[in-house]
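Welcome! Please open the model in your viewer and get ready to select a few residues along the way.

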Amino acid sequence: DVEKLRADQETLKAQASQKEASYNQLVDQLSSEVSQGQLQVKQYKDMLSVDIAEKIFFDSGKAKLKKDGEAVLLKVGEALAKFQDKVIRVVGHTDNVPLSQGSPFASNWELSVSRATSVVRFLQDKAKLVPERLVASGRGEYQPVASNDTPEGRQKNRRIEIMLLDKSMVD
């Protein structure tokens, strides 16, 4: 029993070391974008998350990718391509400000889903990631990371999260 526990402990240490190496590799590859404040890379339990400010990718109330955002997203796609064993989940988030009258979106929720879908399509079409690894979803205004009471807080809440998940978590 003691030998089995030691073997299990060594396996867990190796897995932790591999996860840390993956995180460091992703951060290194995207270091210029991280240093410019265009994105953040976070590690949380069994996943890596790349958070990207919405203003880099989209004009206010729109879901069409901006040219400047495409360049950053292409670099992110190249980095993600190295993680063949991961599912890539793209999540759109908004603030709680109602959309303007005449918007093609019924609510912030639809806008967040449409933005996530735009990112997924770009990753598939331009970064050549296989669609079986991609998942698009939207959270609208319902998962804020800051208060919506200030312009700065609302800006933080308008974001795209790209998460690398173990396939077992998705299944």
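Start by selecting Arg115 and showing what surrounds it: leaving aside its neighbours within four places in sequence, Arg115 is in contact with Glu54, Phe58, Asp59, Ser60, Gly61, Lys62, Ala63 and Ile160. What you have open is a predicted model. Arg115 sits in helix α5. Is Arg115 buried or exposed? Its relative accessibility is 2%, so Arg115 counts as buried, because buried means under 20%.

Stay in helix α5 and select Val113, which lies there too. With 33% relative accessibility, Val113 counts as partly exposed.

Next, go to Ser137 in strand β4. Which residues does Ser137 touch, not counting residues up to four places away in sequence? They are Arg89, Val90, Val91, Gly92, Ser112, Val113 and Ala116, so you meet Val113 again among the contacts of Ser137. Ser137 has 18% relative accessibility and therefore counts as buried.

For the last stop, where is Lys128? Look in the loop between α5 (108-125) and β4 (134-140). Lys128 counts as exposed, because its relative accessibility is 65% and exposed means over 50%. Check the backbone here as well: phi of Lys128 is near 60°, a positive value in a residue other than glycine.

Definitions and conventions
Residues are numbered from 1 along each chain as its sequence is written. This is a predicted model: local features need pLDDT of at least 70, side-chain atom pairs count only at pLDDT 80 or more; totals for chains, interfaces and linings use all residues. Side-chain values use heavy atoms; hydrogens and water are left out. Helices (H or I, at least four residues) and strands (E, at least two) are DSSP runs, numbered from the N terminus. Buried means under 20% relative accessible area, exposed over 50%, partly exposed in between (1.4 Å probe, protein chains only). Contact means heavy atoms within 4.5 Å.
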